[in-house]
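Trainee: I have a model open and want to learn how to read it. Can we start with strand pairing?

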Amino acid sequence: MLVDMHLHEKTCSSDSFLSLEEIVTIARARGLDAVCITDHDSMGLRDYAAEYSRKVGFPIFVGVEFFSLQGDITAWGIENFPDHRIDAQPFIDQVNAAGGFCVSCHPFRNNKRGLEEHLRKVKGLHGVEVLNGSTDLEANRTALRYCRELGLQAIGASDAHVPENVAKYVTWLPERVDDLTDFLAQLHSCTTKPAIWNGSAYDVVETF
Ligand SMILES: [Zn+2]
């Protein structure tokens with residue numbers, strides 16, 4: 001299964017130009033099996049995404065990109081999240097208490113929104129975006145090094161805000177799943193791999 005695990009939809013991410021319809025159309029054309037919507041500090045699209053997903057028969061998993069005091073963390077499987085910025089650790093603890101899954105996104109991107117060295121300090125993170133579509137290759141390679149060192153899941157994601165970037169990088173999982181519960185179970189039990197769009201297909205990679 002291939003899934004883009006970090007996308008912004010314009011209704012709840014004011015910096016995005018993408019509609020959900022556009023995201024799903026592009027994802028389907030690329031042969032993806034699902035997409036994740038992770039808006040900035042919002043899960044406001046949840047109800048609409050559930051309805052649209054049923055209507056078009058394409059899995060859409062809504063999480064959140066929470067801007068903790070130490071940097072951005074994407075998370076799934078939580079009902080609520082803090083309405084103000086808090087430290088990364090209590091947020092990660094909240095995700096774990098709910099049985100959710102959380103990922104350090106673009107930890108070394110040069111916009112001061114990644115966890116950077118905090119990656120080594122926090123406990124309970126599940127994954128690291130080793131390929132983030134809005135991050136340069138060197139910073140992504142640093143993320144990969146930390147991911148391996150810490151033994152976390154390697155995640156690929158576009159972090160797209162415009163159509164050209166949708167599904168540029170994605171995550172490979174062994175089984176195809178349709179709902180968030182099964183998605184979370186698989187994320188917790190399998191070994192994910194990042195994948196790169198090569199212009200006509202995806203290359204699932206160990207390194208890059
Ligand atoms: Zn983002």
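Trainee: Which residue in strand 5 does Thr74 stand opposite?

Mentor: Two strands pair if DSSP finds at least two bridges between them. Strands are DSSP runs of E, at least two residues, numbered from the N terminus. Here, Thr74 stands opposite Val103. Strand 4 (residues 71–76) and strand 5 run antiparallel, joined by four bridges. This is a predicted model: local features need pLDDT of at least 70, side-chain atom pairs count only at pLDDT 80 or more, and totals for chains, interfaces and linings use all residues. Residues are numbered from 1 along each chain as its sequence is written, and side-chain values use heavy atoms, with hydrogens and water left out.

Trainee: What is the bridge partner of Val103 in strand 6?

Mentor: Gly127. Strand 6 (residues 127–132) runs parallel to strand 5, with two bridges.

Trainee: Are the faces of strand 5 covered or open?

Mentor: Buried means under 20% relative accessible area, exposed over 50%, partly exposed in between (1.4 Å probe, protein chains only). Both faces of strand 5 (residues 101–104) are covered. Phe101 and Val103 are buried on one side, Cys102 and Ser104 on the other.

Trainee: Which protein donors does the zinc ion have?

Mentor: Donors are N, O and S atoms within 2.8 Å of the metal (3.2 Å for Na, K and Ca); water is not among the atoms, so sites may look incomplete. Here they are His6 (NE2), His8 (NE2), Glu65 (OE) and Asp159 (OD), 2.0 to 2.4 Å from the zinc ion. His8 and Asp159 lie 151 residues apart. His8 is buried at 0% relative accessible area, and Asp159 at 1%.
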